[in-house]
Structures are given as structure tokens and as C-alpha cells.
Amino acid sequence: MRKWTLDLTQDGWQNAAEADAVCDAIEAGELVAVPTETVYGLAADATRSSACAKIFAAKGRPQFNPLISHLPSLEACTEHGIFDEDALKLARAFWPGPLTLVVPKKPQSTICDLATAGLDTVALRVPAGPVMRFLAEKCGTPLAAPSANISGKVSTTTADAVTADLGASLSFVVDAGPCSVGIESTIVALVDGTPRLLRPGGIPRKDLETVLGRALIDASTPTKPDAPQAPGMLSSHYAPSAAVRLDARTVQDGEALLAFGPHRLPGADDAICEINLSPSSDLEEAAARLFAALRHLDTYGAEIICVQTIPMEGLGEAINDRLKRAAAPRPIPPS
Ligand code: TXA
Ligand code: MG
């Protein structure tokens with residue numbers, strides 16, 4: 001595995017020799033880890049099923065769970081998906097940014113069936129993080145990229161975390177520092193005239209509803225039997241090795257603590273390890289720190305990570321969604 005470390009504040013990173021080498025790797029059908037503003041992505045050419053197959057194998061991800069394709073612009077996305085008025089409104093308001101749109105797939109789209117898990121819809125995103133956008137443009141192909149973590153485990157927001165999980169499967173890791181948003185994109189499906197929230201994420205629900213001028217229907221309350229769901233929204237996900245206990249009012253013996261806000265829980269001084277996601281109760285700061293904090297607390301070997309209550313407003317909906325899945329009962333591993 002080769003590594004390209006770049007500084008986004010310096011002009012000219014696009015001209016580095018490594019940029020050509022990463023594109024060569026993508027063109028050769030290999031896997032590269034690329035940062036976005038949300039989390040690091042495990043990227044490959046979305047038009048080649050042999051390349052996408054490597055993504056599923058590296059992550060241990062079931063092939064019924066489709067991938068998001070990353071493109072440089074809305075215009076490029078309209079070659080692959082059919083955008084109704086609502087989809088256009090959201091794309092124009094929030095792209096580039098942490099929003100994924102699931103739309104009907106155009107018959108002439110070159111995105112392979114493995115990337116869409118054979119569905120007649122496609123998940124498209126124009127990320128704000130410039131590296132993924134630049135590489136999709138430079139390579140001239142949509143980049144399929146799930147979060148760069150072992151399937152079911154905590155997503156990654158640093159190149160070191162990616163390397164720890166997936167280093168052996170990568171031909172390149174691009175390190176542009178920690179991700180600024182820190183939580184995955186919000187996913188909205190626009191396939192049947194009813195905008196549906198498939199996954200809360202980096203754009204708060206309220207901002208989307210303001211642009212749409214109406215409420216988003218939750219995917220968990222389908223109005224039709226064939227209403228779209230995100231197949232990847234399995235109940236146990238984002239799981240650290242430790243068990244996770246939510247809405248803690250006190251810290252029990254032997255627990256690690258994921259704190260939030262200025263209030264100190266009784267027993268906090270005896271926690272095995274403590275990270276406060278945001279002492280000033282700033283939900284954007286908390287989202288940006290969430291996955292790295294879970295990974296860090298997990299290294300202390302506590303059996304339980306207890307989590308202080310986090311409010312449901314703004315990015316709190318996405319943070320609580322990830323924590324609820326981290327706390328869900330785990331599937332029993334095959335013996
Ligand atoms: O921020 C993000 O979205 C990151 C970065 C790398 O872009 N990517 C990401 O990908 O979170 P992943 O694979 O971890 O999550 C994608 C979710 C899955 O739950 C999948 O089921 C859903 O998107 N999805 C993809 N295509 C879909 C489709 N056609 N219909 C419904 N859900 C879809
Ligand atoms: Mg993921």
C-alpha cells in the first residue's frame with residue numbers, strides 16, 4: 001500500500017505525481033482510500049464490476065447492500081439518474097456536500113449492477129471534500145465508495161484508522177487529515193414523488209425540509225409495500241468491540257465514558273477512559289469527533305462504553321442514529 005499525504009490548504013496538490021498514480025490504480029481496477037468531508041471512502045471504478053467486487057470482499061460487505069457513486073457535478077450525475085423537481089432542488093441547494101440522492105437509474109448509466117445491487121435506483125453524491133471530486137473528474141469515471149471500514153464496524157475519519165482496518169486490501173491511501181463533518185451523508189430517496197429520508201446524516205433534516213417546502217417521510221414508515229429502504233441500514237452497525245449503553249445517568253464500575261456537554265455524570269471520575277464529544281454542547285463538533293472517539297475508547301478494553309444523552313436536534317438525529325445502531329444487539333458470529 002502506498003500513501004499520498006496532502007495538505008488541502010496548499011494550492012497545487014492536484015498536480016502531485018501521486019494524483020496520477022492514484023488514477024492509474026483506479027483505472028487498473030484497484031482499491032484506494034479517499035477522504036471526503038464526511039468519512040473516508042473505500043473507492044473503486046463504479047463502472048467495473050470486477051473493481052466493485054473487491055470493495056465487497058475487502059469490507060466483508062453483503063452484496064445486496066448497494067454502494068454510493070461519487071461524481072464531480074450535478075451535470076455528471078444526470079447521466080446516471082433521473083432527477084425530478086425535488087431532486088433538482090436538493091442537489092442545487094446542497095451539492096457539493098454531505099447529501100446522497102437515491103433516484104431512478106437511467107438505462108444508459110454505465111454504473112455496474114454490482115454497485116447498485118441490481119436495483120433500478122442509484123445512489124449519487126457530489127462530495128464537498130475536494131479529493132474525491134477531483135479524482136472522479138480526473139479519472140473520468142464515477143467512484144463507488146462505501147465508508148472505509150470493516151462492514152458493521154465504526155466508520156473511519158482518519159487515514160490511520162482506514163489503514164488499521166483495510167490496509168492490506170488497498171493499493172493507495174490518500175491522507176488529507178481528519179474529515180470535517182465526521183458523520184456520513186444524509187440519504188434521501190426521490191423515486192416515487194415522495195421524498196423519503198433513508199439515513200439521517202451530515203445535512204440536518206430541517207434544512208432539507210426547508211428547501212423541499214414539506215416534511216420528509218421516514219423510510220421506516222413506508223406508505224407502499226415496495227417503498228425504498230437503504231438495504232444497508234441493518235440494525236447493528238457502527239459497532240465498537242465494547243458494548244454500548246445509551247442515555248447513561250451515572251458511570252458504572254469499569255465503564256468507559258463518551259460524554260457530551262458541560263454536565264459531569266456521577267462516577268465520571270472513575271471511568272476507565274473518558275472523551276467528551278463537545279464540552280460546549282456543539283453538535284457539529286460532536287459529529288466530527290464521534291467515530292474517532294468510539295475507536296479510541298475501544299482501545300482501552302472496557303466491556304462497556306456508556307454514553308451521555310445527546311439532544312435530537314440538528315445533527316443530533318444522525319449522531320443518535322449511529323449510537324443506537326452501535327448499541328443494538330450484535331449478530332451471533334458463525335462458529
Ligand atoms: O458519507 C457517505 O455517504 C460515505 C462517503 C464515503 O461518501 N459513504 C457511505 O457509504 O456512507 P456506505 O456504503 O457506508 O452507506 C451507503 C448507504 C447504505 O446504507 C446503502 O444501503 C445505501 O446507502 N444505498 C446505496 N444505494 C442505494 C439505493 N439504490 N437505494 C437505497 N439505498 C441505497
Ligand atoms: Mg458505512
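**View 1. Cys 52 is found in helix 2 (residues 49-59)**. Helices (H or I, at least four residues) and strands (E, at least two) are DSSP runs, numbered from the N terminus. This is a predicted model, in which local features need pLDDT of at least 70 and side-chain atom pairs count only at pLDDT 80 or more, while totals for chains, interfaces and linings use all residues; side-chain values use heavy atoms, with hydrogens and water left out. Residues are numbered from 1 along each chain as its sequence is written, and chains are lettered from A and ligands numbered from 1 in the order in which they are written. Not counting residues up to four places away in sequence, Cys 52 touches Asp 45, Ala 46, Leu 67, Cys 112, Leu 114, Ala 115 and Ala 144; contact means heavy atoms within 4.5 Å. From C-alpha to C-alpha, Cys 52 and Ile 150 are 15 Å apart in space and 98 residues apart in sequence.

**View 2. Cys 23 and Cys 139 form a disulfide**. The structure holds 1 disulfide, a term that stands for a pair of cysteine sulfur atoms within 2.5 Å. Here the sulfur atoms of Cys 23 and Cys 139 are 2.3 Å apart. The torsion about their S-S bond is about -110°, so the disulfide is left-handed. Cys 23 lies in helix 1 (residues 17-27) and Cys 139 in helix 5 (residues 130-139), so the pair ties together parts that are 116 residues apart in sequence. Both Cys 23 and Cys 139 are buried (buried means under 20% relative accessible area, exposed over 50%, partly exposed in between, with a 1.4 Å probe and protein chains only).

**View 3. Cys 52 is in no disulfide**. For Cys 52, the nearest cysteine sulfur is that of Cys 112, 3.8 Å away. Cys 52 is buried, with a relative accessible area of 0%. Cys 77 is in no disulfide either, and the nearest cysteine sulfur to Cys 77, that of Cys 52, is 16 Å away. Cys 77 also counts as buried, at 0% relative accessibility.

View 4. Strand 5 (residues 99-104) pairs with strand 9 (residues 186-189) in the parallel sense over 4 bridges, and Val 102 stands opposite Ala 189 in strand 9.

**View 5. Ser 155 sits in the loop between strand 7 and helix 6**. Ser 155 is buried, with a relative accessible area of 1%. Leaving aside neighbours within four places in sequence, Ser 155 is in contact with Val 39, Ser 147, Asn 149, Glu 184, Tyr 238, Phe 291 and Arg 295. Ser 155 and Asp 165 are 10 residues apart in sequence and, C-alpha to C-alpha, 9.8 Å apart in space.

Conventions. Pairing = 2+ DSSP bridges.
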